[in-house]
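Subject: Structure handover

Hi,

Here is the structure I promised to pass on. Have a look at it first, and then read on for what turned up.

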Amino acid sequence: MTVIALLSVAPVVEDSMAEEVAEAVAALDEFDVSYETNPMGTVVEADDVDTLLDAVAAAHKAVDADRVSTFLKIDDKRTTDERAREKVDAVERELGREAKRER
């Protein structure tokens with residue numbers, strides 16, 4: 001089983017959030033998860049939902065601010081073991097097919 005999530009944790013401030021976001025992402029290192037950060041959030045993968053939620057809680061708590069905003073979207077594949085990279089690869093294959101059809 002693979003659990004994939006899109007996580008965004010940030011303090012609610014007017015200035016740069018980079019330092020606090022880095023603290024949230026660094027908190028994920030304490031857990032058996034893999035992740036990839038992008039401009040809109042962090043994609044997190046875990047073998048089970050409990051590990052994922054524990055890691056997300058640590059990331060949320062790592063932000064030292066008066067107000068913290070956390071967004072979490074979970075894709076819990078309970079019957080397959082599809083990784084995030086495989087989802088991206090499938091879309092890229094379709095884009096390649098589309099490009100061939102347009103020629």
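How many of the 10 residues of E1 are buried? The count is 8, so strand E1 is largely enclosed by the rest of the structure. Buried here means under 20% relative accessible area, exposed means over 50%, and partly exposed is in between (1.4 Å probe, protein chains only). Helices (H or I, at least four residues) and strands (E, at least two) are DSSP runs, numbered from the N terminus.

Some housekeeping before the rest. This is a predicted model, so please keep in mind that local features need pLDDT of at least 70 and side-chain atom pairs count only at pLDDT 80 or more, while totals for chains, interfaces and linings use all residues. Residues are numbered from 1 along each chain as its sequence is written, and side-chain values use heavy atoms, with hydrogens and water left out.

**Strands**

Strands pair if DSSP finds at least two bridges between them. E1 has two such partners in what follows: E4 is joined to E1 by 10 bridges and runs antiparallel to it, and E3 pairs with E1 in the antiparallel sense over 5 bridges. To find your way around, Thr 2 stands opposite Lys 77 in E4, and Ile 4 stands opposite Glu 45 in E3. E3 is also joined to strand E2 (residues 34–38), again antiparallel, by 5 bridges. E2 and E3 form a hairpin with 2 residues between them, and Glu 36 stands opposite Val 43 in E3.

Leaving aside neighbours within four places in sequence, Val 68 is in contact (heavy atoms within 4.5 Å) with Val 9, Ala 10, Pro 11, Val 12, His 60 and Val 63. Val 68 counts as partly exposed, at 24% relative accessibility.

A nonpolar core is a set of buried Ala, Val, Leu, Ile, Met, Phe, Trp, Tyr and Cys residues joined through side-chain atoms within 4.5 Å. The largest one has 14 residues, and those with the most contacts inside it include Leu 7, Val 9, Leu 28 and Ala 59. Strand E1 (2–11), strand E3 (41–46) and helix H2 (49–62) each supply at least two residues of this core. Ala 59 shows how the parts meet: beyond its neighbours within four places in sequence, Ala 59 is in contact with Leu 7, Val 9, Ala 24, Ala 27 and Leu 28.

In helix H1 (residues 18–27), the buried residues are Glu 20, Ala 24, Val 25 and Ala 27. Seen down the axis of H1, they fall within an arc of 160°, so they line one face of the helix; the arc is that of the directions from the helix axis to the C-beta atoms. These buried residues pack against E1, E2, E3 and H2, whereas Ala 18 and Glu 19 on the other side of H1 are exposed.

Glu 20 may interest you, given its charge. Glu 20 is buried yet has no salt bridge, and the nearest side chain of opposite charge, Arg 67, is 14 Å away. For that search, Lys and Arg count as positive and Asp and Glu as negative; His and the chain ends are not counted. Apart from neighbours within four places in sequence, Glu 20 is in contact with Pro 11, Ala 62, Val 63 and Asp 64.

**Salt bridges**

A salt bridge is a side-chain nitrogen of Lys or Arg within 4 Å of a carboxyl oxygen of Asp or Glu, and the structure holds 6 of them. One of these joins Asp 47 and Arg 83 (3.7 Å, N to O). Asp 47 lies in the loop between E3 and H2 and Arg 83 in the loop between strand E4 (68–77) and helix H3 (84–102), so this pair ties together parts that are 36 residues apart in sequence.

Asp 75 and Lys 87 also meet in a salt bridge, at 2.5 Å, N to O. Asp 75 is in strand E4 and Lys 87 in helix H3, so here the parts tied together are 12 residues apart in sequence. Asp 75 is partly exposed at 26% relative accessible area, as is Lys 87 at 30%.

Finally, Glu 92 and Arg 85 are 3.2 Å apart, N to O, in their salt bridge, and Arg 85, Asp 89 and Glu 92 are linked in a network of salt bridges.

Happy browsing, and write back with any questions.

Best wishes
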